[in-house]
Amino acid sequence: KVAVSVPRGTEDGRKLVARFRVRATPAWLVVTPDLLLCAKQEGASNQSTWFERFVEAERAWASFRRRLAEETARPDDLALALAVGEEAYRRYGDAFAESRFWRVAAAPDAPPEARAKALSYLATIALEARRFDDPEQAQDGILSASKDPVLLEKAELRLADVAVGRGKRDDAAARLRAFVEKHPSSPMKAEAEALLKALADARK
């Protein structure tokens with residue numbers, strides 16, 4: 001490990017804060033050369049807490065490394081590929097995770113729910129990268145393959161996000177109104193209503 005101090009107000013500091021969603025400083029990050037997150041600590045802490053969290057993070061990273069070794073030894077294990085992809089995504093390694101999700105999504109023998117979950121992650125990654133064709137195709141795949149109500153509702157909302165990204169606000173608003181009407185008890189209803197309000201406010 002090489003220690004580097006980066007002031008939050010510099011260009012590099014702002015990029016790191018945004019990429020790794022640092023909410024409080026002082027903070028420390030341990031990252032690989034290609035910016036896969038190994039560990040993160042936010043906010044002031046005493047020395048014992050600092051060391052405890054560092055040790056916990058090191059253990060979690062070592063566990064992830066073992067799963068990577070298992071994945072190499074079992075390349076046909078789609079459940080393991082999906083699990084590794086999910087953890088890599090949580091570690092802000094979108095490109096690292098994306099290849100795993102595509103492997104699951106494209107596998108002819110992948111269970112439908114595993115494929116739908118992989119497609120959901122792929123759609124989120126594509127939206128964050130502003131690749132608007134990919135998420136639409138992924139959400140269509142989820143809607144046709146999955147029976148998981150949470151994934152299905154997420155897919156419907158993501159299609160509204162795609163419409164917003166393409167500048168089709170009327171289409172997005174129509175999708176959101178349809179979502180609220182179709183899923184009045186959904187835990188995602190508040191998110192849909194907030195997006196509708198934001199679209200309405202943007203017209204003023």
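## Order of elements

From the N terminus on, the elements of the protein chain run α-β-β-α-α-α-α-α-α-α-α. That gives 9 helices and 2 strands. Helices (H or I, at least four residues) and strands (E, at least two) are DSSP runs, numbered from the N terminus.

This is a predicted model: local features need pLDDT of at least 70, side-chain atom pairs count only at pLDDT 80 or more, and totals for chains, interfaces and linings use all residues. Residues are numbered from 1 along each chain as its sequence is written, and side-chain values use heavy atoms, with hydrogens and water left out.

## The chain overall

The C-alpha trace of the protein chain spans about 50 × 50 × 30 Å along its principal axes. Of the 204 residues, 40% are buried. Buried means under 20% relative accessible area, exposed over 50%, and partly exposed in between (1.4 Å probe, protein chains only).

Contact means heavy atoms within 4.5 Å. Among contacts between residues at least 6 apart in sequence, 41% join residues at least 24 apart.

## Helix α4

Helix α4 has 13 residues. From first C-alpha to last it reaches 18 Å, close to the 18 Å expected at 1.5 Å a residue. The expected span is 1.5 Å times one less than the number of residues.

The buried residues of α4 are Ala97, Glu98, Arg100, Phe101, Val104 and Ala105. Their cover includes α2, α3 (78–90) and α5 (112–128).

## α4 against α5

The axes of α4 and α5 come within 8 Å and cross at roughly 145°. Axes are lines fitted to C-alpha atoms, for helices over the stretch in contact, and angles run from 0 to 180 degrees between N-to-C directions. On the α4 side, the contact includes Phe101 and Trp102; on the α5 side, it includes Leu119 and Tyr121. By class, this contact has 10 nonpolar, no polar and 4 charged residues. Ala, Val, Leu, Ile, Met, Phe, Trp, Tyr, Cys and Pro count as nonpolar, Asp, Glu, Lys and Arg as charged, and the others, Gly among them, as polar.

## α4 against α2

Helix α2 (residues 47–73) and helix α4 (residues 94–106) have axes that come within 15 Å and cross at roughly 40°. That makes α2 oblique to α4. Angles under 35 degrees count as roughly parallel, over 145 as roughly antiparallel, 65 to 115 as roughly perpendicular and the rest as oblique.

Phe64, Leu68 and Glu71 in α2 meet Phe96, Arg100 and Arg103 in α4. These residues divide into 3 nonpolar, no polar and 3 charged.

## Histidine 183

Histidine 183 lies in the loop between α8 (169–182) and α9 (189–203). Histidine 183 counts as buried because its relative accessibility is 13%. Leaving out residues up to four places away in sequence, histidine 183 touches Glu153, Glu156 and Lys189.
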